Amino acid sequence: MKKQLFRILTITSISTVLWSCNQSDPVPKGTYVQGVFVINEGNFSQNNGMVSYFARESKTADADVFSLVNGNALAGGIQGYDIAGDHGLILVDNSAAGQDKIQIVNANTFVSEATINADIENPRDVVAVTNEKAYVTCWNTLNSDYTYPVGYVAVVDLTTNKVIKKISTDKGPEKMIFSKDKVFVGGYEYGAGNKLTVISTSSDAVLSSITFKSAPNPIGVDANGKLWVQAGIELFRLNTETFAIETTLKIGTDTSKTPGNFAMAPDLSTIYFVLSYSDANYVNHGATYKFSITDTQVNVTTPFVNRIFTGLAVDPTQGLVYAAVTPSYSQSGYAVRYRGDGSLVDSVKVGVAPTGFFFKQL
Amino acid sequence: MAQKDSIHLNPVTVYGYAPERFMSGLKVQKIDSAALEQFRFRNITDLLSLNTPIIIKNYGPGQLATVAFRGTSANHTAVLWNGLNINLPTLGQTDFSTIPVAGFDQLSVQYGSSASIVGTDAVGGSILLGSTMPQAGLQIMIGRQQESFRNSQMQATIKYGTSLSNKWIIAGKTAAYDSRMNNHYPYTERNKKIMIPSETFQKGIVQDLYFTKNKHQLSAHFWLTDNQLTNNPEIFTGREFTGIKSYRSMLRYQVENWTVRTSWIRDILNHASGDYSKLDHAVTDRIGARIERAFEWKFTNLGNIQIQAGGEFTHYITHFTDYEKPVTTENREDLFLLTRWQATSKFLVSVNLRQAFVTGFNPPFTPSLGAEYQLIQTNVKSLKIRSSIGRSYRVPTLNERYWKSLGNPDIRPEDGFNKEVGLEGKHISNNINAFTASVTAYHNRINNWIYWNPSRNFHVENLQLVVARGIETQIGWKGNWTIWKAGSNLNYAFTKSTQEKVYDAYASDKVGKQLSHIPLHSGNINLFVQYKQIRFTNQLQCVSKRYTLDDHAQFSQGYILENFLAETTFNWHGTAASLQGRVNNINNSFYQSINGNPMPGRSFALSLLISLKTDNHTL
């Protein structure tokens, strides 16, 4: 099976080479040139995270694409995926110390290209800055009392597959938003950091850091070029040049509820999010809402969908909302698709504990 | 190898707690002393997986090892040491990696529920460890095993027995063991999977003392163990330490029909990662007393009835900061009535009753009925049919009830119902060949199965209903041609254990499916050939595919493990030297621990045991 696959890939690549001799702009070849990739965190102690894949028109997924193509598992929880040029970067977080890595694959075939192990400790999010450069937020090794040390952004050079620089951030760096020539680095809710770090992608250096009352979570840059950031139950609209806060909105008034899993629609005007809380037995409840960047207040009375998800994203091609369901850490999760009006389309069984989606176009 | 020409101090009385006597109808496998001898430098995990159908759920060499007995969970096997349950009360299970074969003298494995006799945890089966009163004279044994990966084991044992002028007989055993598993593998990965570095240091002391005079029998037993496991020892910030220390002590006194036992066990669990200055530290003390009286009636027409009636009391004290209260105490009482009725020479019946009381968590009344009937009984052939039916229970562990956020003080005890039937046969032909065979079918239904519900943030709930059923077969042969000896033994188990209750929308993805980590098929084959004092043994273990997720989306491949042993013993005037060479995993099979990490490939071990013994005493 592996041999056969290898042969097919070889033939494909040879024909691609021959064919590309008289074509100027070749269309990429491979099983995974377009479709939906699902980031599945897996069960931490089992190190069984994976990347699932399905074509948009399909109702079944390949639960673990990397194993299918390469014959071995990623061996860790999966924290993020992004594509730089033809390289796919998978963040792998293993429960054993010293085993975290970035697995680099060919983005179209998912064939393993390289792994980066050095300078990667507790990777959290990845963004491709250019075709040859990516940023990866890392928590660093946690202190022995499980508090967070100062984290960093690892600058990955994809020509050498090495971390060429570590840019220090606040504690527990988490989500990144890339816009034009800047990357905005947020913090983990329980990481005790409260600064949004702004990094220049040309100099790979910190331009500024903006302090919030609690860990800031950058959501995206809207149609008007403004950055949206959530911290606690507040939303902030920032100027991406001056970093000044232009507007503040409240997400309800109940501080026991936590907003999360923000997803900006392709119109760059609608933002979806999950508002959840846990009961006395630590069981999560809540609902999923949406608001527009022009709203003067966030509607938390009529939900978009009356349930919570462990991941949320909007497909830029079709505009469907992809929601991740984690029934438990001991069984497969689901990707549930909704239309913009909240009506259900279908669901696809994926890997364990899905948390995010990556949509690939030709 | 077996001590054949020594004199027992007290051959008539069955010394110590003998729960097996009331286990009529149940399957009990006594591991013979030759097998124990062969595993004397190893952990009980190796012995059990190569001689029984018990599945060991291993996290790696020298790391946490729990058991799945007849399709049940790690909490469903009672481990008894001289009749006392030694499962850790916080976890309700035993880490079998902390039990070396050097720590006990005899081992029986009892299959299926025996809660009426053993008490809590005996749902899938029980492991009975025991001490044996040494023979007269003095015996000193000292040995060392050297293994691949810079692993080694040392042990020393002194056994003594003497009779004093005033008719008191004094005997005892003092043993110490020390094991160092450095696990320095010469490779960093197998099948592209990284070997997780770990080291385990284990040491212990066993002290047994026996005083007997006529009808008085007094014994004291101590077993101190210390097991220290470190994962990733080289990485200062990411290393992880787990220490389990157990101090077990027991005093028994038997006079005529009365037996009194007192016990005290202290279990200390330490856990830390990174810098060890902040240890998670849990200490549990169990102070127990037990009293029982034996009755016996002989009837002319109705056979012989033995009854054992008694009660047990245990006080638990746990100091643990992760519990709701820093100090948690509770009392447990048990009342039991065990009967054994030998109706005719062919027909044996046992009726056993037990009621346990636990502060706030009274378990169900657990009766059981077992019977055995000899279909054939001649000098060369025997065939026995046995059957048993009984209820079982499991008192929720202290963690399940008292853990700060996850524990559930409203949890109910688990409630099991076990039925089984089996055939056991023996055939000896012309004094050379002996054949044994057995087959057992069982059905065990466990309701209120306690589950750390992963879809409710691992909150503890009485969620599941598990039905475990299966078939176990054993076929053995031994040939004895004086100078040449040979034998083989085969065990095969078919185990189907499934969760049957739908408790949430997504549970339907799990219902009716084999529980994770439990293989449908498992078995082992042992073969040996012996010429004079030279013995070659081949051990084979087969385990089929095990699912690692409840919905079967992921699994570990099945595997076959094969070990080869060569042994010999040299004797000079009461001094014996036993040499054993062993190749583990001779085929370099790839297999994985329960968390998916690779287990080591082929490895070697060499051991030498020197034994000095005084000549036979006459008492």
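**Notebook: a nonpolar patch, an interface and some salt bridges**

I began with the surface of chain B, where the largest share of the nonpolar patch, four residues, comes from strand β33(B). I count as a patch residues with over 30% relative accessible area and no salt bridge, joined within 5 Å for nonpolar side chains (Val, Leu, Ile, Met, Phe, Trp, Tyr) or within 9 Å for like charges. The model is a predicted one, in which local features need pLDDT of at least 70 and side-chain atom pairs 80 or more, while totals for chains, interfaces and linings use all residues. Residues are numbered from 1 along each chain as written, chains are lettered from A and ligands numbered from 1 in written order, and side-chain values use heavy atoms, without hydrogens and water.

**Entry 1, the patch.** I found that β8 (137–147), β31 (559–572) and β33 (603–613) of chain B each give at least two residues to the nonpolar patch (strands are DSSP runs of E, at least two residues; helices are runs of H or I, at least four; both are numbered from the N terminus). Its members, including B:Leu138, B:Phe570, B:Trp572 and B:Leu612, together have about 930 Å² of accessible area (Shrake-Rupley, 1.4 Å probe, with only the protein chains shown as cover for residues). I looked up B:Leu612 on its own: it sits in strand β33 of chain B, and its relative accessible area of 40% makes it partly exposed (buried is under 20%, exposed over 50%, partly exposed in between).

**Entry 2, chain A.** For chain A I noted two helices and 26 strands, with C-alpha atoms that fill a box of roughly 60 × 45 × 45 Å along the principal axes. Of its 362 residues, 54% count as buried, and of its accessible surface of about 15200 Å², 51% belongs to carbon and sulfur atoms.

I then turned to the interface, where 29 residues of chain A are in contact with 31 residues of chain B (heavy atoms within 4.5 Å). The two chains bury about 2600 Å² between them, 48% of it on carbon and sulfur atoms (the accessible area lost by both, summed, with a 1.4 Å probe). On the side of chain A, A:Tyr282, A:Ser330 and A:Gln331 lose the most area to chain B, together 19% of what that side buries. The rule finds one salt bridge across this interface (a side-chain nitrogen of Lys or Arg within 4 Å of a carboxyl oxygen of Asp or Glu), and in it A:Lys349 meets B:Asp509 at 4.0 Å, N to O.

Which residue forms a salt bridge with A:Glu234? I found A:Lys213, with the closest N and O atoms 3.4 Å apart; A:Glu234 counts as buried at 14% relative accessibility, whereas A:Lys213 is exposed at 73%. In chain B, the side chains of B:Arg70 and B:Glu420 meet at 3.0 Å, N to O, and because B:Arg70 lies in the loop between β3 (65–68) and β4 (77–81) and B:Glu420 in strand β23 (residues 414–429), the pair ties together parts 350 residues apart in sequence. Both B:Arg70 and B:Glu420 are buried.

I also checked B:Glu330 and B:Arg332, whose closest N and O atoms are 2.8 Å apart in a salt bridge; B:Glu330 is buried at 3% relative accessibility and B:Arg332 at 10%. Salt bridges that share partners join B:Lys27, B:Arg70, B:Glu420 and B:Glu472 into one network.

Notes
Buried means under 20% relative accessible area, exposed over 50%, partly exposed in between (1.4 Å probe, protein chains only).
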